Amino acid sequence: MKKNSLKENIITNIFDNYKDINILYIINKLLYTLIGKECKFFYISGPGSSPSKVYMFKDEESKMYAVKICDTNISRVSLLKEVNNMESLTPYLKGHLPKIIYVGTYENYELMISECFGIDNFYTSLISCKKPINYYFKIWNNILNEIMKMWKTSIDYDYKQNKNPRNNTERISRIENGVFCSKYNEYKLKSISDCKIIINGKEYQSLNDTFDEIKNISSPTFGITCHGDPQPSNIIISNKNKWYLVDWEWSGKNHDFRLMFSHLYGWWVTRMINIKNTPEFIVENNKLIINYEICKNELIDKFQLISNKVLKKYFDISVQDEKDINRFLALLYLGDIRFLDIWDKPDYLPILIGEATKTINYLKFQSEDINLNFTYKNEGDEYE
Ligand SMILES: Nc1ncnc2c1ncn2[C@@H]1O[C@H](COP(=O)(O)OP(=O)(O)OP(=O)(O)O)[C@@H](O)[C@H]1O
Ligand SMILES: [Mg+2]
């Protein structure tokens, strides 16, 4: 049985690589037809949250091209639609969007070729410490200013939930299903969703109660235009220290700025938090017991402070907004559980459940546990 699955694995790998070589050959020909120059494949980007792949090519003069490839059998917004969605951003973010050179299909693949100004995104550049740390703070400040300026100038009071590119009701139910199908140790989360959760000795509400509270997110009073997934791995840092937004799958009008802000703020946590030991995750007497210790480093604090400061510069945040940002934040933590396998970080599952639980509990009790919820602080240095 084991032998067979190993063999199947090897065969699948060979087949995948063969498909890759085949597709690389096709792209090579395509690039030659489009730009009249021989291009060489030199880099493939790391995994995002989906099975699409991005290959980088260089021409004879070292000009770079990014080729995004999606398998049309895998359900995802089509690349053609992604490019159309990107156009909603062009009036606001000129100079921060790479030009599209080609979109088309080949057999069961969709291909999109765009300008490429560097192989690093904000996240890969930051974690490999390529630049001085103040550089990242300055750029983050600049990105947030540009994004929030776009929100401010695109405010539309005729907000319609069903026109939001990231429809809440659908998203919450997608995340709920994904979380409930996940497993940790021998437990399927669905089977323990009604258990009260004890985190580091203190009792909190169950996962079902957390989802019920998340469903209380109110409608925003206005919609805004936004990128839709504004997170550091979708920001390309160029060799000339400029930044560009990619991955426009959810871009468009009628976004909820509280959801967008929760990602700008909370993304640092889900990618950059460290855990001290393997967490404990036990079910006893119908209670889920989770014990863990995390290190929230100064970088996360700094990026979050910059986010808060810029938010305050452009928007007045009501108590309701603050609560809804926290609901979105809890949803972000829970949603990332679905990607832990791809990221090879299985032991973050108890932490994401724990922090989502505490974030929702904070809405009611404002407890003083060390928490990864959103609080509207207003300190920090200027980076302009
Ligand atoms: N034009 C580009 N120039 C440089 N790098 C790019 C470009 N487009 C994509 N990348 C790199 O490839 C990575 C993955 O691309 P992208 O974000 O578009 O897709 P994804 O997040 O993997 O998938 P999906 O859009 O399906 O969620 C990015 O994080 C970025 O590092
Ligand atoms: Mg992406």
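Hi everyone, let's start with the overall layout: the protein chain splits into domain 1, residues 2–116, and domain 2, residues 122–365. Those bounds come from an automatic or database domain assignment.

Before we go on, please note that this is a predicted model, where local features need pLDDT of at least 70, side-chain atom pairs count only at pLDDT 80 or more, and totals for chains, interfaces and linings use all residues. Residues are numbered from 1 along each chain as its sequence is written, while chains are lettered from A and ligands numbered from 1 in the order in which they are written.

Now, how do the two domains meet? Their centres, taken over C-alpha atoms, are separated by 27 Å. Contact involves 15 residues of domain 1 and 19 residues of domain 2, where two residues are in contact if their C-beta atoms, placed from the backbone, lie within 7 Å. On the domain 1 side, there are 8 nonpolar residues, 6 polar and 1 charged. Here Ala, Val, Leu, Ile, Met, Phe, Trp, Tyr, Cys and Pro count as nonpolar, Asp, Glu, Lys and Arg as charged, and the others, Gly among them, as polar.

Let's turn to the sheet. Five strands form an open sheet in the order E1-E2-E3-E5-E4, with antiparallel pairing. Strands (E, at least two residues) and helices (H or I, at least four) are DSSP runs, numbered from the N terminus, and two strands pair if DSSP finds at least two bridges between them. Which strands stand at the edges? They are E1 (39–44) and E4 (100–106), each with a single partner strand, so one side of each has no neighbour in the sheet. From one strand to the next, the twist averages 25°; angles run from 0 to 180 degrees between N-to-C directions, and axes are lines fitted to C-alpha atoms, for helices over the stretch in contact.

Have a look at E5, residues 109–116, which pairs with E4 in the antiparallel sense over 6 bridges. E5 is also joined to E3 by 8 bridges, again antiparallel. Met112 in E5 is the bridge partner of Lys68 and also of Val103. Glu110, in turn, is the bridge partner of Thr105. E4 and E5 form a hairpin with 2 residues between them, and Glu107 in the turn has a positive phi of about 45°. Helix H2 (residues 79–86) lies across E3 (64–71), E4 and E5, running at about 155° to E4.

On to two helix pairs. The axes of H4 (residues 133–153) and H8 (residues 298–314) come within 9 Å and cross at roughly 30°. That makes the two roughly parallel, a label for angles under 35 degrees, with over 145 roughly antiparallel, 65 to 115 roughly perpendicular and the rest oblique. By class, the contact has 10 nonpolar, 3 polar and 2 charged residues.

How do H9 (residues 319–336) and H11 (residues 349–365) cross? Their axes come within 8 Å, at roughly 165°, and the helices are therefore roughly antiparallel. H9 passes H11 in a left-handed crossing. Among the residues that meet are Leu329 and Tyr333 in H9 and Ala356 and Ile360 in H11. This contact has 9 nonpolar, 2 polar and 3 charged residues.

Methods:
Left-handed = near helix turned anticlockwise from the far one by under 90°.
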